[in-house]
Amino acid sequence: MSDTASQRPQRDGLPLIRIYYDARCPVCRRERARYERLSRQDANVEWWDATDNAEHLAARGIGLKQALLSLHVETAQGQICEGMPAYRLLLARIPGLAWLGWLITRPLIEPALTRVYDAWVRRRLCRDGRL
């Protein structure tokens, strides 16, 4: 289940999103802390460790390896977004950063950024003996 200490009440117009991330990754934990620090108190974001919630993800058609290789976000409607579109949903919850989410999903930027991100994640997981 969620490793968020307390559940925030849903704010009108801002439905819950659930972020599946690699809690064993120090960089990922630092990024989570940064997003939490920058986001509004009522951002309505839950952070779930992908490894601890592998069964939950599998029920949604996402294997653990796939979850570790890319950020996944689940909307309140149960829709799963992956990769840069998932980051776009997350960045939309942080004041002043919605433009960055828009930028990273532009047709010329998203493929290049995805290649760099994927290479970094694969290298990290291989180095840690997890891939």
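Predicted model: local features only at pLDDT ≥ 70, side-chain atom pairs only at ≥ 80, totals over all residues.
Visitor: In what order do the four strands of the open sheet stand?

Guide: Strands here are DSSP runs (E, at least two residues; helices are H or I, at least four), numbered from the N terminus, and two strands pair if DSSP finds at least two bridges between them. Strand 2 (45-49) and strand 4 (80-82) stand at the edges with a single partner strand each, so one side of each has no neighbour in the sheet. The pairing is mixed, and the order is 2-1-3-4.

Visitor: Which residue of strand 2 is the bridge partner of Tyr 21?

Guide: Strand 1 (residues 17-21) pairs with strand 2 in the parallel sense over five bridges. In strand 2, the partner of Tyr 21 is Asp 49.

Visitor: How are helix 4 and helix 6 oriented to each other?

Guide: Axes are lines fitted to C-alpha atoms, for helices over the stretch in contact, with angles from 0 to 180 degrees between N-to-C directions. The axes of helix 4 (residues 84-91) and helix 6 (residues 109-127) come within 10 Å and cross at roughly 100°. Angles under 35 degrees count as roughly parallel, over 145 as roughly antiparallel, 65 to 115 as roughly perpendicular and the rest as oblique. Helix 4 and helix 6 are therefore roughly perpendicular.

Visitor: Which residues of helix 6 make the contact with helix 4?

Guide: Contact means heavy atoms within 4.5 Å. Helix 4 brings Met 84, Pro 85 and Tyr 87, and helix 6 answers with Glu 110, Leu 113, Thr 114 and Tyr 117.

Visitor: Which element gives the largest share of the lining of the largest pocket?

Guide: On a 1 Å grid over the protein atoms alone, a pocket is an open set of points with protein on both sides within 12 Å along at least five of seven lines, a cavity is a set where a 1.4 Å probe fits but cannot get out, and lining residues have an atom within 4 Å of a point. The largest pocket has a volume of about 280 Å³, counted as the space filled by probe spheres set on points joined across faces, edges and corners. Of its 20 lining residues, Cys 28, Glu 31, Leu 71, Tyr 87 and Tyr 117 are the closest to its centre. The largest share, five residues, comes from helix 1.

How values were computed:
Residues numbered from 1 in each chain as written. Heavy atoms only, no water.
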